[in-house]
Amino acid sequence: MPDRRFIHIGFFAGAGIIIQLLTYFTGTGYFLTQLTMSSYYAIVIIGLCMLMGYAGQISIGHAGFFAIGGYLSSAMTTHDLTPFKGSLPVRLLDSIGFLVDRQGLYGEQILHFQPWVSFIFAVLVTVAIAYLIGGPVLKLKGHYLAMATLGFGTIIYSIVIGTPVFGEADGISDVPAFALLPGLTVSGKMSVRIENFYIAWGLMSICMLLLLNLVNSRVGRALRSIHSAEDAANAMGVDTATYKLRIFVISAVFASVAGVLMTHFNGGIGPSEASIMKSVRYVAIVAVGGMANLWGALIMGLVLNFLSLRGYFGSLDDAVFGGILIVIMLFSPKGLLRKETLSYMRDIVLQRGSEEDNA
Amino acid sequence: MGFELFFQYIVAGVTYGAIYAIVAIGFNIIYNTTGIINFAQGEFVMLGGMTAFTLNTFMPLPLAIIFAVIITMIVGALIEMIFIRWLDNPSVLRMIIITIGISILIREVALHVWDETVRALPYFTGNEISSIAIGGVRISPQVLWVIGVSSVIVVGLHFFFKLTSVGRQMRACADNRNAARLCGVSTRNMVTFSFMLSAGIGALAGCTVSPITYVSYNSGTLLAIKGFTVAILGGLGNSIAAVAAGLILGILESFSIWVMPAAYKDAVSIAILLLILFVRPSGLFGSKERFGLKEF
Amino acid sequence: MLEINGLNRRFGGLQAVKDVSFSVREGQIKAVIGPNGAGKTTLFNLISGYLRADSGITSFMGKQIQTMAPHKIARSGISRTFQHIRLFHEMTALENVMVGRHTQSSSGFIAGMFSLPGTRTEEKRIRNRALEIMDFIGIADLADTDATSLAFGQQRGVELARALASDPKLMLLDEPAAGLNMKETAEVAVQITKIRDLGITVLIVEHDMSLVMNISDEIVVLNYGEKIAEGLPLEIQKDSEVIKVYLGDEDA
C-alpha cells in the first residue's frame, strides 16, 4: 500500500520535469517564474488542507504564518547591522558566523544575518507563535474559531503595516538570494530560473509526500476522527486537544517555510501577503480541491495560483476567489475534485484500458 | 493629560463605539433568527455609506440617506434569498465560508463601482470645523448625530421587537423556531426580514459615521471583526449588552492611541477579541451556563 | 474494579445524579436501569470524564479518575459506546475500528510523516487486530464499507467493535440495544456475554428490560438521579419500589 504513494509522488515529480522541458522547447521559460511561486503557495495550501480538511479546524489567518516567515527572514537579511558593529551581541553573532556582509543596491555595505540563520529563526518563531495562539484558539469551535483566526490574521497584518522595520505599506525589498546548498540558490535571477523551479517543485513534492504519509498513518486516522466526532475520538483515547494543536503548528510551519523561500525568490515581500484576502484565498482553494483531499488541494493550488499570477483573472482576481468560494459551498460543499468523482473517472480510464487488453 | 484632551478621547471612543454597537446588533439580529454569524455584516455599513455618497451627488442628503438605506436593505434581502434561503440545514463551516464569500463579492463590486478612493458624506449640520460647546468642551455636531442616530436605532429596535407584530414573530423565531412555525409564523420570511433589518441599520450607521471616519470599499472587514468583538463581549444575541460593550471597546481603543502607535489601534481591539474568546466566550454579561447549552 | 462513591451532578436546578454509590466487580456484567431522565447517561458521562462531578469519587482499579480527561480515562482501560451512534463518517468500518486501537499503539506525527519502518509494522498490527475484532463481533465482511452507510444494527456492531479494539478492562455500553429489533437485540445479548467471557467487565445502561434481566449479573436502579435499589436480577424484579417507579412507569 505505501508503495502506491511513492509511485504517485514519483509521477508528480516527473511531471515537473516534463513541464520544465515543455517550457524549454516551446520557448515559454517565463512561465517557470509563476510556476515556482505557485509551488510555494501550494505548500501553504496542502498544509492548510491537512488542518481544515482532515482535522476539521478552519483557519482564516494562514497568510499570517506565511507573512511571519517571509517578513522575519527578509527583515533579518536586509536590516543593516553595521551601526551596531561594535556592540557585544553583534560581535558575538559575527564570530559564530551568523552574520554576512554584502553590497546593497546602492553599493553600500550591509551587514546582516545569514539566510539559513534567519530561516531557522523565522521557523522557530512561527512554531512558538502557533503554539501560543493555537492552544487557546483551537478550544473554540465554529464561528468562534473562524473569527479568532481571522482576528489573528488581522493582527499580523496591522503589525506588518504599522511597523517601520517591516517597511509599513511598502514592504521589504532587496532581499538577498538564499544559498540552500553550494550551487543551489533560491533567487529570482534569470540565470537560476530553471534551478529554482526544481527547488520549489521538489520541495512541494517532499511536503506532499510527508502529508500523504501522515494522512495514512495512525495520527492521520485520529485527526480524521476528530473531524467527524470529536467526543467519540476522545473516548477512543485520542488526545484531541494536543492533536489539533500539533497539526495546527505543522501547517503553520509549512506556510512559514513557503513564506521564507518565496520571499528570497521574489527578492521582497509586501503587506498584501499578510492580508485577509490571501488567507481567504487559501481557504477557497482548499475548498475547491475537495477539503479532505490533499491531491485536490495541491493541483488546485498550482492551477489557480498560476492563473492568478499570470493575470488571467485581471482586476477580478479577488472576486474570482470569492465567487469560487460561494459557488463551491453552495453547490458542491465537498469540493470539485472529491474522491468519488476521481475514482469514477479512474474507473472509466481503467475500463477502457482493460477493453484494449481484451482486444 | 488635560481634561480637554481626555474628553476628546472619550468622545472619539463613544463615536466609534456606537458604530461597533450597531454592527454588533446587526450580527445579533441575524444570529437570533438563524444561528448564523453573517461575516458580511461590515459590508452593509460600507455599502450604506458609499451608496449615499453617490446618491448625494444628484439628490439632497436626507433623501440620499433614505434611498441608500433602502437599497442596502434590498441587497440584504437578495443575499438571503439567493444564497441562504434554500440551503437545507447547512453546516456551520459551510455558512461561515459562504458569508465570507459574500463579503468578498460585495467588496469587489464596491471596488469596481467606487474604486479605491476614500469617500465621505458632507456633515449633516455645519462642516468639519464647526463645533458645539458642551460644558466648556467643543465637539463636532456630527458626533452628536452619530450618538443620536445610534440611540434612535437601539430604542427603535427595542420597541419594534416589543410592540409590532413582525417584531414579535421574529422574537418567536429566535426563541424556538419549530414552535414558531407551528404557530403559523413564516420562519423563512422572518429570516429574510432579519437580513433586511440588519442591513438597514448597518447602512444607516454607515451614512451617519462616514463624514467623520470616511468609507472605502474595504472598510467592512475591520468593522465586522470589531462588531463581532462587541457582540461577543456583550454575549452573542444580547443587544442591550452590545451597546455597553460597544462603548467599552470604542473607548479602550481610543485610549490605546495614548500608549502605543496609532497604527496598532486595530490590533488592540482584536487582541481584546482573542482575549475574550479565550477567557470568557460567553461575554462579560452572559452566563456561562447558557453559553454551554448553545451548540456550535 | 470500579468504585463509585457519593457522585453528585447538578444542571442548574436539576439534580441529575444524586449521591450515587455502587461498585462493579471484575468480570461481571452490571446494568444500570431506570426510567427516562433517571440520570443514567449523565452517570456514564461522569464515569467516562465527559462531565465533571460536583462532588464524589470514582475510582478505577484503585486509582481516582473523577478529574481525569476523557482520553486519559480511555487510556486507563475504560472504553465506551454512545447512545446515539457516534461513528466517524467518511471512514470505513475498518478504519473506525482501527481508531479504537489508538490507545494500544504509539506512532506519532514525526514517525507518521516519515513513514518510519516501525510505524509500518505497527500499522499492519493495528489492521490485523482490528479485523480480528470485527470477526469476533461478526462484522468482518463490512470492513471496507463506509461506516455511516451501514444499516443501523450494523453500525451498532461497528461501535461495539471500535470500543472493544482498545483491549479495555471495562466497557461502558450506553443503551446498546436502542433502536434494534428483537432479533438484533438477542444478537447484542450474545455479543455482550461473549465480551464478558473474554474477561472484560461490562457496565451497561439499558432500557430493554428483557436484555438486562437475561444477561446481567447485578442491577442498579436509578430514579430521579438517586439509587433506589441494587441487587441480583431476580431481587430487582421482586423489589416493590422498583416495580412502583420503574415497571409501573413502563406499563403506563
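# Notebook: helices, chains and contacts

I began with helix H9 of chain B, where 13 of the 14 residues are buried, so this helix is largely enclosed by the rest of the structure. I note here that the model is a predicted one. H9(B) covers residues 220-233 and reaches 20 Å from its first C-alpha to its last, close to the 20 Å expected at 1.5 Å a residue. I then looked at what comes after H9(B) and found Gly235(B), with a positive phi near 90 degrees.

**Entry: H11 of chain A**

I looked up helix H11 of chain A, which runs over residues 276-289. Its 14 residues reach 20 Å between the C-alpha atoms at the two ends, close to the 20 Å expected at 1.5 Å a residue. Is H11(A) enclosed or open? I count 13 of its 14 residues as buried, so H11(A) is largely enclosed by the rest of the structure. Gly290(A) follows H11(A), and its phi is positive, near 115 degrees.

**Entry: the largest nonpolar core**

Which residues touch the most other members of the largest nonpolar core? I find Ile45(A), Ile46(A), Ala258(A) and Val286(A) in that position, in a core of 277 residues. Helix H2 of chain A, residues 31-54, gives the most to this core, with 16 residues. The core also draws at least three residues from each of the two domains of chain C, domain 1 (1-77 + 169-252) and domain 2 (88-167).

**Entry: chain A overall**

I count 14 helices and six strands in chain A. For 359 residues, a compact globule would have a radius of gyration near 21 Å, and chain A has 21 Å, which agrees. The C-alpha trace spans about 75 × 55 × 40 Å along the principal axes of chain A. Buried residues make up 52% of the chain. Of the contacts in chain A with a separation of 6 or more, 78% are between residues 24 or more positions apart.

**Entry: chain C overall**

Chain C has 10 helices and 10 strands. Its radius of gyration is 19 Å, close to the 18 Å that the globule rule gives for 252 residues, so chain C is as compact as a globular protein of that length. I note a box of roughly 60 × 40 × 30 Å for the C-alpha atoms of chain C, taken along the principal axes. In chain C, 46% of the residues count as buried. Among its contacts between residues at least 6 apart in sequence, 66% join residues at least 24 apart.

**Entry: the two domains of chain C**

I took the domain assignment of chain C, which gives domain 1 as 1-77 + 169-252 and domain 2 as 88-167. How far apart do the C-alpha centres of the two domains lie? I have 27 Å for that separation. Nine residues of domain 1 are in contact with nine residues of domain 2. On the domain 1 side, helix H2 (70-75) and helix H7 (182-197) of chain C each supply at least two residues. H7(C) has the largest share of that side, three residues. By class, the domain 1 side has five nonpolar, two polar and two charged residues.

**Entry: chain A against chain C**

I then turned to the contact between chains A and C, which takes 26 residues from chain A and 34 residues from chain C. Four helices of chain A each supply at least two residues of the side touching chain C: H7 (193-215), H8 (218-228), H9 (230-235) and H10 (240-266). Which helix gives the most to this side? I find H8(A), with eight residues. The chain A side divides into 12 nonpolar, eight polar and six charged residues.

Methods. Residues are numbered from 1 along each chain as its sequence is written. Chains are lettered from A and ligands numbered from 1 in the order in which they are written. This is a predicted model: local features need pLDDT of at least 70, side-chain atom pairs count only at pLDDT 80 or more; totals for chains, interfaces and linings use all residues. The expected span of a helix is 1.5 Å times one less than its number of residues. A residue is buried if 20 or more other C-beta atoms lie within 10 Å of its own, exposed if 12 or fewer, and partly exposed in between; C-beta atoms are placed from the backbone. The radius of gyration is taken over C-alpha atoms; the globule rule is 2.2 Å times the number of residues to the power 0.38. Two residues are in contact if their C-beta atoms, placed from the backbone, lie within 7 Å. Ala, Val, Leu, Ile, Met, Phe, Trp, Tyr, Cys and Pro count as nonpolar, Asp, Glu, Lys and Arg as charged, and the others, Gly among them, as polar. Domain bounds come from an automatic or database domain assignment. A nonpolar core is a set of buried Ala, Val, Leu, Ile, Met, Phe, Trp, Tyr and Cys residues joined through C-beta atoms within 7 Å.
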